[in-house]
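Please read the points below alongside the model.

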Number of protein chains: 2
Amino acid sequence: MTLISEQQIADTKARYGIEQLERASIRQLVMMVSDLEALSGVDFVRMELGVPGLSPAPQARAAEHAVIDSPLLAQYPALNGNPSLRQALSQFFKSFMNVDVPADNCIPTAGAMQASLAAFWLVANLHPTRTKILFLDPGFPTQIQQVQSLGIAYERVDVFAQRPRRVADQIRPYLENGDIAGIVYSNPSNPVWNCLAPEELEEIAALCDAHETIALEDLAYFGMDFRVDYSHPNQPPYPPSMGHYTHRCIQMFSGSKLFNYAGQRTGAVIIPETLMAIESEQLKARFGYASLRNALLFGVIQPTTAGLCQSAQAGFEGALRAMLDGKWNPLIEARAYEQRAVKLKAALSAHGFELLYDADGDTPIADGFYFAFGHPAYPDAGLAQALIEFGVSATPLTDAGAHHKHGLRACVGLMTDDDLHRIVGRLAAFQEAHA
Amino acid sequence: MTLISEQQIADTKARYGIEQLERASIRQLVMMVSDLEALSGVDFVRMELGVPGLSPAPQARAAEHAVIDSPLLAQYPALNGNPSLRQALSQFFKSFMNVDVPADNCIPTAGAMQASLAAFWLVANLHPTRTKILFLDPGFPTQIQQVQSLGIAYERVDVFAQRPRRVADQIRPYLENGDIAGIVYSNPSNPVWNCLAPEELEEIAALCDAHETIALEDLAYFGMDFRVDYSHPNQPPYPPSMGHYTHRCIQMFSGSKLFNYAGQRTGAVIIPETLMAIESEQLKARFGYASLRNALLFGVIQPTTAGLCQSAQAGFEGALRAMLDGKWNPLIEARAYEQRAVKLKAALSAHGFELLYDADGDTPIADGFYFAFGHPAYPDAGLAQALIEFGVSATPLTDAGAHHKHGLRACVGLMTDDDLHRIVGRLAAFQEAHA
């Protein structure tokens, strides 16, 4: 028996001008499910929200309180952030990733969002002919929106669907065209939680060096590949990173998921000195500044936000230092996501669903924040809407550039034990209806 | 006798790659003066910083503290901001400007900076041929940087230098070309503190309506024309606004100066429903969304910052409501700027300097946050550097598109009584050296 009628769904879709859920943005889906909850009184099991469900560091809160009581509220932030925050970011990348980037090249941003905006904007305007961005999909649809809004051309290729996986072979033809300025990927990936392995990164790095392309490494889920414990500073193992193999790598970091700090909009763009020191005619023509550093600060950061919120900078630094000092270990706390994913995957598998993108080579992906799943009754589309009828919401992979377009992304960020209990009955009803 | 040697200035300019101070950005000048202070031990009288020097509302601080202790830190802000903040913004514009804009069209931004970025980005992509921005100068150079970074074409015209002033006549030829999408001005203006009067705004509004051009009204210094007391809600007089004469007006508001909140990066873009409801093929092509509302939220706000910092939103709302409730009157407190400007103008005039852009028609401009001045010994350039030798810093008007290129902008935001005392001796030394 369904909990939501087809009519209720049709009415709600109409309100947002949505023809097919596979075409809706995540934010539209979120609004639609909230409306359906209000309309029907049904408490959905919501897996569509990519929202952290744990707590920020006490040190982060304390640092914010101190700024709120200080004269800093009235003072413009420096465009390149507080020196002590830059220092903490540099130490963090050294201690937790074994990557050396000078503090002055670790620039705070409004989430990884502003970091990737800056990276796309700059990298696509460095060179007269290398002007496109190549997305290694499935990926984060808002990054596609970023290049679209900026008028930057792009290509996308699903590198995780092919078995066996041959990422370098897949992307080589694009690079050989000579017009790719930057390659974007996320480790682990949103939405499918696949990870590029060290040997894959090394091959891609060699391609980047050969074709003078810059790797754009999205670390919004820094260290959250729970197959390995990356939570201890200054000792291996370190998370794989393109930064271990080439200086042609800009890293985009976020406080949102790792530090449970999504509300305060914190992140950073991490740029090796060899890139930061680039001077180019194209940058000069676009931004009025030939050097990448000046184009970043005066051509992107200042005209978008004029720097990052003072108290948020302090909170972000508080979280970084708490982790560096070994006083707070969010990667251990985030194992809660691992446990939820194990249970949720088991429930789905037990009720006729299939897991998608579930391995890196021969190794199963980590149980973590996201994973992808499908159902054989919906080989093309329709699964998201079918699940909504049973009070369960998840995000279609279509926008993410997935080869497996019929799949959905599940996020366990906000799932409670109660959700994990309730979903079993709903999946059973779904299974019965599809028997 | 000078306090700073020509050699010290030359060395410091070289460090920042500055050939001529008239070509340096404000941020570069700020860094240079800080370096000179460190190098020489001279405590400058700094008039180059556009920084508020008063205190935020206690209610703003309290609201931020509450959020810092709440689970909101971990939760993404809504792209269109908190409903209660939108409501407060709408009430504020009704109560303090007598302009009616629905709450859902008052979208919080990271300062007026993100508001003007959004306005330029959207307005220049509404129509196939109206794609340029026209700046009514002298203006804020970072807005020029915004359109340059976005690749938007622009024109600029100094509308305040001509005596008698004929703003509508000056801009009509530009509009008749048919390619102007938006007209930008600030009331009062940064850097010269001129204000467009109601009758001027009415004429410009008629031109906007005739040529389907959108006025972009920068209210970063909302109500700070101290010739009139605009500080009481729900009663005239109200500050002049294009919004009184046409719906073709987007307003850009800031918490930085009025609320002494520059550090937290708060502002808003205020859009009448007639504009918010626009649908256009050009928007669809650029942003993937035909409606201006969706293009704003999903094509600009999400890809730049993904919404405004949760605690900053609360603080901003706290300040708005404190002022709406009559519990806090920052416009009365800001009269401190008026008193400082009176003293500083007197000191400059007494030592051979001339005030520039010092009247709106026959009426002297308000004594306020900024004003412009020059010196007859420097009819073209060189005044900024000459003053630096005497330990006084101010910003050249060159970048601001001023006809009076030899002038400088003085800001009294951070000036203390001690500064106002010390500057007299320095100006006397300058006068003696130029006798």
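**Notes on the predicted model**

1. Pro237(B) sits in the loop that runs between strand 6 (214-219) and strand 7 (249-254) of chain B. Helices (H or I, at least four residues) and strands (E, at least two) are DSSP runs, numbered from the N terminus. The peptide bond leading from Pro236(B) into Pro237(B) is cis, and its omega is near 0 degrees.

2. On conventions: this is a predicted model, in which local features need pLDDT of at least 70 and side-chain atom pairs count only at pLDDT 80 or more, while totals for chains, interfaces and linings use all residues. Residues are numbered from 1 along each chain as its sequence is written, chains are lettered from A and ligands numbered from 1 in the order in which they are written, and side-chain values use heavy atoms, with hydrogens and water left out.

3. Two backbone details in chain A belong with point 1. Asn187(A) and Pro188(A) are joined by a cis peptide bond with omega of about -10 degrees; Pro188(A) lies in the loop between strand 5 (180-186) and helix 8 (198-211) of chain A. Asn98(A), which is not a glycine, has a positive phi of about 55 degrees, and its place is the loop between helix 4 (83-97) and strand 2 (106-109) of chain A. For background, most residues other than glycine have a negative phi, and most peptide bonds are trans.

4. Chain B has an open sheet of seven strands, ordered 2-8-7-6-5-3-4, with mixed pairing. Two strands pair if DSSP finds at least two bridges between them. Axes here are lines fitted to C-alpha atoms, for helices over the stretch in contact, and angles run from 0 to 180 degrees between N-to-C directions.

5. Within that sheet, strand 6 and strand 7 of chain B pair in the parallel sense over five bridges. Leu216(B) has Ile250(B) in strand 7 of chain B as its bridge partner.

6. Which strands does helix 4 (residues 83-97) of chain B lie across? They are strand 2, strand 6, strand 7 and strand 8 (267-270) of chain B, and the helix runs at about 110 degrees to strand 2 of chain B. Contact means heavy atoms within 4.5 Å. Helix 5 of chain B lies across several strands, including strand 3 (132-137) and strand 5 (180-186), and runs at about 160 degrees to strand 7 of chain B.

7. Chain A has an open sheet of four strands in the order 9-12-15-14, with antiparallel pairing. Strand 9 (354-356) and strand 14 (395-396) of chain A are at the edges with a single partner strand each, so one side of each has no neighbour in the sheet. Three bridges join strand 9 to the antiparallel strand 12 (residues 370-374) of chain A, and Gly374(A) in strand 12 is the bridge partner of Glu354(A). Helix 14 (residues 335-350) of chain A packs on this sheet, touching strand 9, strand 12 and strand 15 (408-411), and its direction makes about 0 degrees with that of strand 12 of chain A.

8. The contact between the chains takes 62 residues from chain A and 60 residues from chain B. The area buried is about 4900 Å², with 55% from carbon and sulfur atoms; buried area is the accessible area (1.4 Å probe) that two parts lose on being put together, summed over both. Arg27(B), Leu73(B) and Tyr76(B) lose the most area in chain B, together 15% of what that side buries.

9. How many salt bridges does the rule find across the interface of chain B and chain A? It finds zero, a salt bridge being a side-chain nitrogen of Lys or Arg within 4 Å of a carboxyl oxygen of Asp or Glu. Over all chains, the structure holds 44 salt bridges.
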